[in-house]
Amino acid sequence: MYHLLRGLYTELTRQTEYSILVIGLNGSGKTTFVEHAKEMYTGKPRYESGPTIGQNVVKLPVSNTILHFWDLGGSSEFTNLWDRYYGDAQAVLFFIDGTDTQRLKESWEIFETLKTHSDLQGIPIVVCATKQDKQGAMSAADIEKKFIDYSNNTPNIPYTSLSSLSERLENSHSHSNQHNDDKRNLILNLVNTDQSSIKSVIDALFVRVQTSPRG
Ligand SMILES: Nc1nc2c(ncn2[C@@H]2O[C@H](COP(=O)(O)OP(=O)(O)OP(=O)(O)O)[C@@H](O)[C@H]2O)c(=O)[nH]1
Ligand SMILES: [Mg+2]
């Protein structure tokens, strides 16, 4: 009887856990985001360590679920390890430093590989344009325009592959079935020290992991 009740209790209180892969070039703000979110959602102190060596793992209780963040190092010696995590991700959180105009094209190239990788088909990608508190930072809209320019100037990457990146564009194209596969991708502005900014990202992820094909 005890075992039956205990099993029932465990079943009733079990929380669904979703894996979120956090990637982007080094210095783009991945760990700062994850650690601020940890402090906000768990009350635990932030861990601030400089560049991530390997991975930083954080679990956040959000509603009745656990969002399990895999924050990976973005330095060149670690980027070739990212694809080992693709097969388990229910969503990807992709960071772009809004002040890093020099490496924006590199971020776009990575974003394109994410969209086409066989292990990530149908997996939602939430892009964060970070450091919006810094003067002159490129906004999400600026980055999206540049991405469209890059794709227009690159053979084999059609404009339509990016056209539903933002919610604004998603809405304007929502009548078209052609865009359905991309509809869950989104780009957001982010200030990593601002709680409402962090919450917008968590909310966007929370909604998307519920319907992730790997859910
Ligand atoms: N002003 C400002 N600074 C930020 C923001 N997000 C991150 N930073 C700073 O950017 C620097 C790099 O941030 P990290 O979070 O370590 O970057 P990362 O993407 O984890 O880098 P790697 O672990 O090397 O891949 C730190 O000095 C942060 O304080 C932001 O939204 N605004
Ligand atoms: Mg880091």
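Residues 24 or more positions apart supply 66% of those contacts in the protein whose separation is 6 or more, a contact being a pair of residues whose C-beta atoms, placed from the backbone, lie within 7 Å. The model is predicted: local features need pLDDT of at least 70, side-chain atom pairs count only at pLDDT 80 or more, and totals for chains, interfaces and linings use all residues. Residues are numbered from 1 along each chain as its sequence is written, and chains are lettered from A and ligands numbered from 1 in the order in which they are written.

**Overall architecture and core**

The protein contains eight helices and six strands; these are DSSP runs numbered from the N terminus, with helices (H or I) of at least four residues and strands (E) of at least two. Read from the N terminus, the order of elements is α-β-α-β-β-α-α-β-α-β-α-α-β-α. Of the 215 residues, 33% count as buried, that is, with 20 or more other C-beta atoms within 10 Å of their own; 12 or fewer count as exposed, values in between as partly exposed, and C-beta atoms are placed from the backbone.

The largest nonpolar core comprises 40 residues, and Ile20, Ala91, Val92, Leu93, Phe94 and Val127 have the most contacts inside it. Such a core is a set of buried Ala, Val, Leu, Ile, Met, Phe, Trp, Tyr and Cys residues joined through C-beta atoms within 7 Å. Strand 4 (residues 91-97) contributes the largest share of this core, six residues. Apart from neighbours within four places in sequence, Val127 is in contact with Phe94, Ile96, Phe111, Leu186 and Ile187.

**Packing of helices 5 and 6**

Helix 5 (residues 104-116) packs against helix 6 (residues 140-152) at an angle of about 70 degrees, and their axes are 10 Å apart. Helix 5 is therefore roughly perpendicular to helix 6, a term that covers angles of 65 to 115 degrees. Leu104, Lys105 and Trp108 of helix 5 meet Ile143, Lys146, Phe147 and Tyr150 of helix 6. By class, this contact has five nonpolar, no polar and two charged residues; Ala, Val, Leu, Ile, Met, Phe, Trp, Tyr, Cys and Pro count as nonpolar, Asp, Glu, Lys and Arg as charged, and the others, Gly among them, as polar.

**Individual residues**

| Residue | Burial class | Other C-beta atoms within 10 Å |
|---|---|---|
| Lys131 | buried | 23 |
| Arg208 | buried | 22 |

Ser63 lies in the loop between strand 2 (55-62) and strand 3 (65-72) and has a positive phi, near 55 degrees, although not a glycine. Lys131, in the loop between strand 5 (125-130) and helix 6, likewise has a positive phi, of about 65 degrees, without being a glycine.

Thr193 belongs to the loop between strand 6 (186-189) and helix 8 (195-210). The C-alpha atoms of Thr193 and His36 are 6.8 Å apart in space, while the two residues are 157 residues apart in sequence. Arg208 is part of helix 8. With neighbours within four places in sequence left aside, Arg208 is in contact with Ala91, Pro124, Val126 and Arg184.

Methods:
Axes are lines fitted to C-alpha atoms, for helices over the stretch in contact, and angles run from 0 to 180 degrees between N-to-C directions. Angles under 35 degrees count as roughly parallel, over 145 as roughly antiparallel, 65 to 115 as roughly perpendicular and the rest as oblique. Two residues are in contact if their C-beta atoms, placed from the backbone, lie within 7 Å.
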